[in-house]
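Grab a pencil and have a look at the model below. Try each exercise on your own before you read its solution.

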Amino acid sequence: MSKKENNTKPEFLFGKRNYIIMLIGAAFIALGFILMAGGGSDDPNVFNPEIYNWRRIRLAPTLVIIGLGIEIYAILAKPKK
């Protein structure tokens, strides 16, 4: 075997750009779940209208859906050579 054959590096499934896009998508998903958390009352007899605010009903699910779309794009995008 020649030196050239021994030094062949295995190719990654994705390119560096794909991994960066995946990290961005994961950040969107994590931010969405963080925005959904907290704000409830420990007392079951107390109504807390905070649970129905704009951040939990609109913003957080939208960020999670956008993050999932970014993740799908990162998986399907062909790596640049």
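**Exercise 1.** Find which residues Ala60 is in contact with, leaving aside its neighbours within four places in sequence.

*Solution.* Keep in mind that you're working with a predicted model. Start by placing the residue: Ala60 sits in helix α3. Now look around it, and you'll find contacts with Gly32, Leu35, Met36 and Arg55. Finally, is Ala60 buried or exposed? Buried means under 20% relative accessible area. Ala60 has 0% relative accessibility, so it counts as buried.

**Exercise 2.** Work out where the buried residues of α2 lie around the helix.

*Solution.* First, find the helix: α2 covers residues 16-36. Then list its buried residues, which are Asn18, Ile21, Met22, Gly25, Ile29, Gly32 and Leu35. Looking down the axis of α2, you'll see them fall within an arc of 155°, so they line one face of the helix. Here's the general idea: an α-helix has 3.6 residues a turn, so residues three or four places apart point the same way.

**Exercise 3.** Name the residues of the largest nonpolar core.

*Solution.* There are 5 of them: Phe14, Ile21, Met22, Ile70 and Ala74. Sort them by helix, and you'll see that α2 and α3 each supply at least two. Last, zoom in on Phe14: beyond its neighbours within four places in sequence, it's in contact with Tyr19, Met22, Ala74, Ile75 and Pro79.

Definitions and conventions:
Residues are numbered from 1 along each chain as its sequence is written. This is a predicted model: local features need pLDDT of at least 70, side-chain atom pairs count only at pLDDT 80 or more; totals for chains, interfaces and linings use all residues. Side-chain values use heavy atoms; hydrogens and water are left out. Helices (H or I, at least four residues) and strands (E, at least two) are DSSP runs, numbered from the N terminus. The expected span of a helix is 1.5 Å times one less than its number of residues. Buried means under 20% relative accessible area, exposed over 50%, partly exposed in between (1.4 Å probe, protein chains only). The arc is that of the directions from the helix axis to the C-beta atoms. A nonpolar core is a set of buried Ala, Val, Leu, Ile, Met, Phe, Trp, Tyr and Cys residues joined through side-chain atoms within 4.5 Å. Contact means heavy atoms within 4.5 Å.
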